[in-house]
Amino acid sequence: MAKATKKQALGRGLSALLKDPENDIQSASDKNADKVVGNIVELDLDAVEVNPFQPRSHFNDEALQELATSIRELGVIQPITVRKLDFNKFQLVSGERRFRASKLIGLETIPAYIRIANDQESLEMALVENIQRQDLDPIEIALSYQRLIDEIQLTQEKLSDRVGKKRSTIANYLRLLKLDPIIQTGMRDGFVSMGHGRALVNIDSKQDQIGIYEKIVGQNLSVRDTERLVKAHKENGSFKGAVKSVKATPSFVSNSKQELVKHFDTKVIIQASEKGKGKITLPFASEEEFLRLKKLLLGN
């Protein structure tokens, strides 16, 4: 217990050091830099800004609330990582969920590791650290790999070494970005798995990808069923006989789909599970079409 108190006191002492203009640390060679860089420091939440290089693009509200409850009871167990931008100004490198959850419950400070890095180093650190997380969806991981290749100028071989993954694994993720955006969204929302996506990416036509995707979601097809569909399509352009047995689409969906198609005068994609959970997607190809659909949805 005494050890934990000493650690917290040390953090507060370093925080005071960072707020002293005469000890403004800009590089690892500056005076007192060794006392701050790489150490845990209690930072004011208001002094930390989110990272524009963060690969995660959406956060589950329920999971964030659960984390906030945990932090309220136990505190922030794992410090965030930040880089120093200016005097008493920092930017997140990793730990945005902890940062958001801490703000959610009104905390004023948060424990943080401080690093000194330029924009490219910060981008690489954020991407590599986030790729190692277990809760990123396959599309987020694929986008992170692509950014490392495009913005850090890494080859797939060098990327493999940097993130500790086989080149074939990286290639499989990158291929998912060839899927139609509607399918990528379905994967991010959990309606189809990466296995489904890996099968669908073998279809060149985006329209045909969507056709099979609708069957996957509507009939709750397995990855094996999807592979059969893709194989049948590539061999003879037909889906007939490719799937022997599938789970039926809920009747309330099948009975209403054509009604929706007629009402909106466009393709309607309905994703539904046997338990009745799902969503409706209305694709649009232009601003005019979007405004037309918006008018129908709002009834004006």
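1. The second largest pocket holds about 320 Å³ of space. Here a pocket is an open set of points on a 1 Å grid over the protein atoms alone, where a 1.4 Å probe fits, with protein on both sides within 12 Å along at least five of seven lines. Its volume is the space filled by probe spheres set on the points.

2. A word on the model: it is predicted, so local features need pLDDT of at least 70 and side-chain atom pairs pLDDT 80 or more, while totals for chains, interfaces and linings use all residues. Residues are numbered from 1 along each chain, and side-chain values use heavy atoms, without hydrogens and water.

3. Thirteen residues would be a handy list to check by eye: the lining of the second largest pocket has 13 residues, each with an atom within 4 Å of a point. Nearest the centre lie Asp 189, Gly 190, Phe 191, Ser 273 and Lys 277. Helix α11 (206-219) and strand β7 (278-281) each give two or more residues to this lining.

4. Now the sheet, which is open, with 5 strands in the order β1-β5-β3-β4-β2 and mixed pairing. Strands are DSSP runs of E of at least two residues, helices runs of H or I of at least four; pairing takes at least two bridges. Because β1 (40-44) and β2 (48-49) have a single partner strand each, one side of each is left without a neighbour in the sheet.

5. Strands β3 (residues 80-86) and β5 (residues 109-115) pair in the parallel sense over 4 bridges. Ile 80 has Ala 112 in β5 as its bridge partner.
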